[in-house]
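These are my notebook entries on one structure. I set down what I looked up, in the order in which I looked.

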Amino acid sequence: MAYQFDFIPVLQNVDLLLQGAGFTLALTAVGTLLGVGLGIIGAVLRAWRIKPFNTLFGVYVELIRNTPFIVQLFFIFFGLPALGVRLTEWEAAVLAMVINLGAYSTEIIRAGIQAIPHGQLEAAAALAMSRVETFRYVVLRPALAKVWPALSSQIIIVMLGSAVCSQISTEELSFAANFIQSRNFRAFETYLVTTLIYLAMAILIRQLLAWFGRRFIQGAR
Amino acid sequence: MTLTPRRLLTALFASLAIGVSPAFADGLADITERGVLKVAVPQDFPPFGSVGPDMKPRGLDIDAAQLLADKLAVKLELTPVNSTNRIPFLTTGKVDLVISSLGKNPEREAVIDFSAAYAPFYLGVFGPDDAAITSLDDLDGKTISVTRGSIEDIELSKVAPKGATLKRFEDNNSTIAAYLSNQVDLIASGNVVMVAIAERNPKRVPVMKLKLKDSPVYVGVNKNETALLDKVNAIIAAGKADGSLNAVSEKWLKQPLPADL
């Protein structure tokens, strides 16, 4: 028996999907800003071996990079209330994404910082640049420029990984897809449309990050 | 004597006639004469019926069957069945009764008769003892965890007020975890699921607040077995009156028998 494709039940709920996509983008935006911020702090502490924070961040990075995202998320949402810390599903989702991206970006940015030739720092000193200027123009910006493609990819991964947040009832895109599928049982059509939306979002974010990199990080030297 | 097809057929019909005739007799009289009550029970549906650590069937349905056998003053013989073969076991006369968490519906009523209900089975909204929820309107402003796509999700989505927040989870375990970790105020599920919670976390057992869908369970009896059906009904009524059925419900469902059952 041939399957009768019917996209009408999915298209009737397209507002739910778009709303979910909006929430996914918002989650990703907040997660990226805070996560990369955390990553920069971690990278500096790790690159300069500032005690005791470098060890602390080392443990954090290993802990997060070697455990599944969904387990981290469940721990925050279902586990922490036992210690009296109760977060809503949105707070838990953002926190999990920040912690996750923070760990990965720490290592990515640290690699960028450590790839800066030592002579470049000496040159900055010879030019009498202040510590802040040196850090901003000689360390951070060239470091980010070097690892920008890797960092962009990690941000996309986190955006796609946010699909898992539907498991704690966060109503992002995957939640909307699962919800629609549970009502009309049109799995193929629902997930096909959802896949295309994710694909479009990933391409959009990649273009946006590429533009941002050219405009503010790699271009302006 | 050679076995011609004609003779074979005659013999077959003769044996059929002998074999069939007791089925039209009084099932109740047969049971008392035999001294054994044969009951079909589930073995894969706790708390109604499962296999205990001693490899013997145990559960609400088994206790209910034992109650009936005791009142009939006969021995009990259990036949494990599943939800697809339980009615055929009854209609082909392999068992006298089906006590297998059997719900009533028109299709089944066309084939067999049902006794009075002996245990509750329903979907509802459950919550802590002190939550003041008496009507659907009270759900306003509350968060309720529910398993996405389940019957309770569909039913609750239809009737919940706008101010109620339904948090939909992937499976029963997440739905329960959300309730137990205080992430939601209430939980929508079945009374059987509440038993699972009671076993794991007896301190926060949710109590019934609102009923969404009611489907109590009945004893299945063959058609035209009026005497047996009347007797079963009498025993169930007596069991409700003297509290013995209530004790069975308390034991397996951790809740008293509803008054309107």
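**Model and numbering.** I worked from a predicted model, in which local features need pLDDT of at least 70, side-chain atom pairs count only at pLDDT 80 or more, and totals for chains, interfaces and linings use all residues. Residues are numbered from 1 along each chain as its sequence is written, while chains are lettered from A and ligands numbered from 1 in the order in which they are written.

**Chain A overall.** I found 9 helices and 0 strands in chain A; helices (H or I, at least four residues) and strands (E, at least two) are DSSP runs, numbered from the N terminus. The C-alpha trace of chain A spans about 75 × 45 × 25 Å along its principal axes. Of the 221 residues in chain A, 33% are buried, that is, with 20 or more other C-beta atoms within 10 Å of their own, the C-beta atoms being placed from the backbone.

I then looked at contacts, meaning two residues whose C-beta atoms, placed from the backbone, lie within 7 Å. Among the contacts in chain A with a separation of 6 or more, 80% join residues 24 or more positions apart.

**Helix α2(A).** I checked the length of α2 (residues 14–47) of chain A: its 34 residues should span 50 Å at 1.5 Å a residue, and the end C-alpha atoms are 47 Å apart, which agrees. The expected span is 1.5 Å times one less than the number of residues. After α2(A) comes Arg49(A), with a positive phi near 50°.

Residues 20–48 of chain A are 97% helix, with end C-alpha atoms 41 Å apart. Residues 69–87 of chain A are 58% helix, with end C-alpha atoms 17 Å apart.

**Chain A against chain B.** I noted that 10 residues of chain A are in contact with 11 residues of chain B. On the chain A side, α4 (69–79) and α8 (173–184) each give two or more residues. The largest share, 3 residues, comes from α8(A).

**Domains of chain B.** An automatic or database assignment gives chain B domain 1 (26–120 + 215–253) and domain 2 (122–214). I recorded 30 Å between the centres of these two domains of chain B, taken over C-alpha atoms. Their contact takes 5 residues from domain 1 and 6 residues from domain 2 of chain B.

Notes
Buried ≥ 20, exposed ≤ 12 C-beta atoms within 10 Å, placed from the backbone.
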